[in-house]
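This report covers part of a predicted model. The sequence and structure come first.

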Amino acid sequence: MKNTKTLFAALLLTGLALNGTAFAQDAMTQDALTAGAYCHTKFPAIEARTLTNDQPVVKNAGTGDLVDFYGPCDENPAGADQVQEQRLEDQFRKQIGNE
């Protein structure tokens with residue numbers, strides 16, 4: 001019985017350790033939710049000063065400013081859809097800051 005408890009505790013701690021390493025991933029991650037349809041993707045946000053440019057620039061991944069996206073697996077982090085979404089968020093933040 002004592003060996004069973006020790007084995008169970010060791011397995012539990014190993015599982016927790018492995019789970020903790022799963023969170024230490026790169027800034028761009030992608031998990032398929034439905035095969036070929038939708039993905040859960042995290043990627044760096046676009047620099048606010050480049051949202052109005054023809055060529056938006058994505059922030060350095062080290063900043064920690066990430067977009068948590070659920071949608072098509074082929075989403076472009078600097079594509080037109082993301083530029084529009086992040087412009088709206090930027091305008092919203094500015095309005096809230098002025099009130």
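## Basis

Residues are numbered from 1 along each chain as its sequence is written, and side-chain values use heavy atoms, with hydrogens and water left out. The model is predicted: local features need pLDDT of at least 70, side-chain atom pairs count only at pLDDT 80 or more, and totals for chains, interfaces and linings use all residues.

Helices (H or I, at least four residues) and strands (E, at least two) are DSSP runs, numbered from the N terminus. Of the 7 residues in strand 2 (residues 38-44), 5 are buried; buried means under 20% relative accessible area, exposed over 50%, and partly exposed in between (1.4 Å probe, protein chains only).

Strand 2 runs antiparallel to strand 3 (residues 66-72), with 7 bridges joining them; strands pair if DSSP finds at least two bridges between them. Lys42 stands opposite Asp68 in strand 3.

## Helix 2

The buried residues of helix 2 include Gln82, Val83, Gln86 and Asp90. They cover an arc of only 95° around the axis, which puts them on the same side of helix 2; the arc is that of the directions from the helix axis to the C-beta atoms. The face turned away from the buried side of helix 2 carries the exposed residues Ala80, Phe92 and Gln95.

The buried residues of helix 2 pack against strand 2 and strand 3, where contact means heavy atoms within 4.5 Å.

## Gln82

Gln82, in helix 2, is buried, with a relative accessible area of 4%. Leaving aside residues up to four places away in sequence, Gln82 touches Phe43, Ile46, Val67, Phe69, Glu75, Asn76 and Pro77.
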